[in-house]
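Hello,

Here is the structure for your pocket work. My notes on the pockets follow below it.

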Amino acid sequence: MAKVTIKRRNESERADGRAALYAVLNIERIKIRLPLDIAVTSAEWDGASERIKGRTQEVKDKNLIISNTKAKISDILVRARLTGEKLTRDSFLALYRRPGETLNFIEYAFRHLEALNSAMQPETIRHHTAALRKLEKYEPRLQLADITPEWLRVYAAYLRDRHGNNPGTIRKNMCVIRMHYYAAMRAGKVKANPFEVYRLPAADPSVVFLSEDELGMLVALFHSDTLPENEQDVLRFFLFMTFTGMHITDARNLQIEQITDGEIHYRRIKTHTRVDMPLSRPAAMLVAYYSDGRFRGPLFRRLPTDQAFNRVIKRVCARAGIRKAVSAKAARHTFATLYYKKNGGDLGTLSKLLGHTSVETTMVYAHIMKDSRVAGVSAFDDML
């Protein structure tokens, strides 16, 4: 297969010291140069790695163009080899200039995800990576041009029937595809927009939470001290999230210094909204356990991964006779449900405590008083 290299044409150096970059390959002993519309100085160019030096966003964008160009060329060459097609200069250029049709979508999506790495939360990156890996197993050589409304419908059915995914999970997977497909559209790699025709599945509105009795069953199991150590640790962390309404990602990042004057003060990673959560008595007891006399640093020092946590908490709930599909999110939903029930349906204060953002909830934030928040979380005072 022809070797693809990126070259800087030194002989075409301009007055400002910049020279154009080209992708270079040979087909039937004919050299083909493909301009990248990028010009760099000799100091900026690393010929050995065929990359532009630096870490700015502009450099990352230009290096992404280089990677995408090489990937597109390689894909044309591989497809020709697999199909037995003999490429000529003209047939290669015809394929190269046809937008999107020979660009591997999964490779493009991973490069796009890498370029966005610094702007996305780790949890979001893990979600995108998992969705793209699932897609890769289904169709590893998926081309941009293959993504049509019909293809989207078939893939959604595959996720439902073969993976058993619910509508909400299917929607999340399709949203990942849509995000990276739109990036390819903006880059001029493809023009058709299949998402104008294909309608994303509606998210599953069901929310898993524990009733007050079920929460009491878990508290009783916690006090029984009969669980294996790893299950006791997971249950303890689950109860902490239940009594504070914290998302697992926010809880993982909680520092001891953020707990002062009987409250947890933090900014939600997802929404960047400030949250001031009063500590109920059980939450304060768990804070004392986890801090263990320390005054600084992470409150939680040894926690399993999210996946491992969810597996264990399901097992713990089964031991207590709870058959619901409980996960880390159920702790937060349980807090919200019991708070709403115990505190007279105060949605404004609850939104503040959960760190939700919207125009409506923002308008009522100014009227929320500390006494109201303390009264709400006191619903948990006798539970541990």
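In the residue classes used here, Ala, Val, Leu, Ile, Met, Phe, Trp, Tyr, Cys and Pro count as nonpolar, Asp, Glu, Lys and Arg as charged, and the others, Gly among them, as polar. This is a predicted model, in which local features need pLDDT of at least 70 and side-chain atom pairs pLDDT 80 or more, while totals for chains, interfaces and linings use all residues. Residues are numbered from 1 along each chain as its sequence is written, and side-chain values use heavy atoms, without hydrogens and water.

A pocket is an open set of points, on a 1 Å grid over the protein atoms alone, where a 1.4 Å probe fits, with protein on both sides within 12 Å along at least five of seven lines; lining residues have an atom within 4 Å of a point. Points are joined across faces, edges and corners, and a volume is the space filled by probe spheres set on them. Helices are DSSP runs (H or I, at least four residues), numbered from the N terminus.

Largest pocket: the volume is about 2100 Å³. Its lining has 44 residues, with Glu123, His127, Lys172, His247 and Lys329 nearest the centre. Elements giving two or more of them include α4 (122-138), α6 (167-186) and α12 (328-342); α4 has the largest share, eight residues. By class, 13 are nonpolar, 18 polar and 13 charged.

Second largest pocket: the volume is about 400 Å³. Asp233, Arg236, Tyr289, Tyr290 and Arg302 are the closest to its centre among 16 lining residues. α8 (229-244) and α10 (281-291) each supply at least two, and α8 gives the most, six. The classes are nine nonpolar, one polar and six charged.

Regards
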